[in-house]
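Hi everyone, thanks for making time. Let me put the structure up, and then I'll walk you through it.

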Amino acid sequence: MNNNITTIIKKEFARFFGDKRMVFTTVIMPGLLIYIIYSFVVGGIRDTFESDKDYRPKVYVQQMPQLLQPMFEALEMDITDATTTDIESIKPLIENKDIELLVAFPTDFDSAMANYDISDSTLAAPNVLIYSNVTNMESGKAETVVRSILSSYEETICNKFNINALTDETANEEFNLATDEDFMGQILSAMLPFMLIIFLYSGCMAVAPESIAGEKERGTIATLLVTPMNRSHLAFGKIISLSFIALISGLSSFLGVILSLPKFMGSAMEGMPTNIYTTSDYLLILGIILSTVLVLISVISIISAYAKTVKEASTLVLPLMLIIMIVGIPSTIGGGNAQTAISWYFIPIYNSIQAMTGVFSFSYSLINVATTIAINIVYAAAFSYVLAKMFNSEKIMFAK
Amino acid sequence: METILVAEGLKKTFSLSRKQQKLEKTNSKTKVAVDNLSFSAYKGEIFGLLGPNGAGKTTTLRMIASLIRPDQGDVVVDGFSVVKDPQKVRERIGFLTSELKLEDFFTPNYLFDFFSELYGIDPTTRNERKQKLFSRFGIEKFAEVKVANLSTGMKQKVSLAISLVHDPDIIIFDEPTNGLDVLTAKTVTDYLLELRNMGKSIILSTHIFSLVEKVCDRVGVVIDGRMAACDTLEQIRNGKSLEDRFFDIYSEMKGGNDE
Ligand SMILES: Nc1ncnc2c1ncn2[C@@H]1O[C@H](COP(=O)(O)OP(=O)(O)OP(=O)(O)O)[C@@H](O)[C@H]1O
Ligand SMILES: [Mg+2]
């Protein structure tokens, strides 16, 4: 690499890594904060909503049909026979969350059911009453369980056909054909690319305006422009070093998310494989991320070079954040399915999100990913050229 | 005498922002900062651009240093045109002005090495030069102190040392003693004479008559962006004090050119 580029890179690194406060606020803090917020605050909130596994809901039953009795008794519930108690006096118990549920069968439920004929419209079907309390989570859960028992009972008595019935032949058959990898991939592909871009963007925001608009504001870049150094070397040196710093800052945040993911997702993640990607998947992701950071840094650098102060630069880059949001959010809602047409991969930022979505969901085409990386590098090179031109422009560098 | 620098018909017009228009109390959208200015400087001499505030001295020096481009005219520095060959010019000059700042975060020692690298100076030469310059200006004790914590005078001395990392033959100083106490100012003016004795050519700008009288071989008096007079110090003074002569030239110029 050109000597001057290396000199600039070395200086930028010395500036950044020599400043403990800066390293802390841009690299360590974001990841740490995200980890703490996600795993303790969000995780904590979720825990309070998630019920105690050992809790046995209290269920009152009136006139329990004999055929159903064993089914109810098999449940992890405290079943109380309340046939002789008045319904009106049980309701307050549910309201006050003293008990979870009341299931009231009509008298002669078994015979009424047997006599019921679906084609005879003069007969009413026997009606089971279930009282619950939506503000009580345990009550809601108990209701769901009871309802499913009743409807499967209803299915068995008027059996016309079965769905996925367990017979000797099918006992070992897995009917949900999605693998654990697929499920995990779907979660990650929907969420992670967008989050990654946002984190990388904040990483870039933390370093580029300070290094370019800041140097301009403080008059230190003029000192560099007096030297015979080629302006494009200055541009390259800045973009390469800032990209690296932004990358580790963005990856710190990302690490914070990954590490807090198990806590954040709670039991949904239990038993999920964590190591579902191959080395080449990771390499592709790394390539996409690297090329994306180059694009982001070079764009923010151009805006920063145009601005007169760091403050102005930070204001001017806000619309860019908005654009990234607009480009990124549809991909998240899209539910983890990447675009297949190659033309989408010519749009910077959008291409990165799509390419990452593809890799994360195991449905990428190598050509699209390669196009993304190549296109990003072309954009970054073009933007570097513009930046070099700006460094050469007295109107921009010495504006008063 | 060998000319080392020729400025020929330099012109620079700035467009004024609304804020600047108010500041300059004018309705005109442009300001002619330098207007058809020409002069030559000779090898081994100290050439002074003398003029009041806003005369266009800094603008002229920035054009010579190739930081900004002249709208018209050219400067040939040691055979290279600032318009066609700015990089070659930059290699040959040392430029010092108060608008060129050093990064607060770094130490004089680090910055000296950094700029040496940008000029492609090998480490042995660099260390020799650094040792000489740092001891000449008393920077040694502060070599590892961050620029942010240096006094104004020490900052100025460090800037001076760093503008000389590549041992240029042509040195351009904008107001070299501005904002310095008498002791520091003397260190700087003494050093200017030392540089001349080493055979360097120096172009400086100032509005301080005593500085010109003390160090300059030749003077150009700049008023309203134009060269009002340009000659040896002796010729310009013409037996009077420089200050008296300046007022003569000034009223002559203003009287003859009133719009
Ligand atoms: N970038 C700029 N934009 C607009 N006007 C400018 C710019 N630079 C200089 N000027 C104007 O050009 C004129 C000459 O400025 P210059 O700085 O060259 O004067 P100077 O002789 O160095 O004055 P001083 O002694 O105050 O330093 C001034 O009126 C100044 O306001
Ligand atoms: Mg000036």
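Before we look at where the chains meet, one term: a polar contact is a pair of N or O atoms within 3.5 Å, and within protein one of them must be able to donate a hydrogen and the other to accept it. Please keep in mind that this is a predicted model.

Now, how many residue pairs are in polar contact across the interface of chain B and chain A? There are eight, counting pairs with both residues at pLDDT 80 or more. On the chain B side, helix H3 (86–92) and helix H4 (108–118) each supply at least two of the residues that touch chain A. The largest share comes from H4(B), with five residues. Overall, 23 residues from chain B and 26 residues from chain A take part in the contact. Together they bury about 2500 Å², and carbon and sulfur atoms give 61% of that. The interface also has three salt bridges. One of them joins the side chains of Lys10(A) and Glu117(B), at 3.0 Å from N to O.

Let's move to the sheet in chain B. Four strands form an open sheet in the order E2-E1-E4-E5, with antiparallel pairing. E2 (30–42) and E5 (80–81) are at the edges with a single partner strand each, so one side of each has no neighbour in the sheet. Strand E1 (residues 3–15) is joined to E2(B) by nine bridges, and Ala7(B) sits opposite Phe39(B).

Last, the cysteines. No chain has a disulfide. For Cys216(B), the nearest cysteine sulfur belongs to Cys230(B), 11 Å away. Cys216(B) is buried, at 6% relative accessible area, while Cys230(B) is partly exposed, at 32%.

Methods
Residues are numbered from 1 along each chain as its sequence is written. Chains are lettered from A and ligands numbered from 1 in the order in which they are written. This is a predicted model: local features need pLDDT of at least 70, side-chain atom pairs count only at pLDDT 80 or more; totals for chains, interfaces and linings use all residues. Side-chain values use heavy atoms; hydrogens and water are left out. A disulfide is a pair of cysteine sulfur atoms within 2.5 Å. Buried means under 20% relative accessible area, exposed over 50%, partly exposed in between (1.4 Å probe, protein chains only). Two strands pair if DSSP finds at least two bridges between them. Contact means heavy atoms within 4.5 Å. Buried area is the accessible area (1.4 Å probe) that two parts lose on being put together, summed over both. A salt bridge is a side-chain nitrogen of Lys or Arg within 4 Å of a carboxyl oxygen of Asp or Glu. A polar contact is a pair of N or O atoms within 3.5 Å; within protein, one must be able to donate a hydrogen and the other to accept it, and residues adjacent in sequence count only if both atoms are side-chain atoms.
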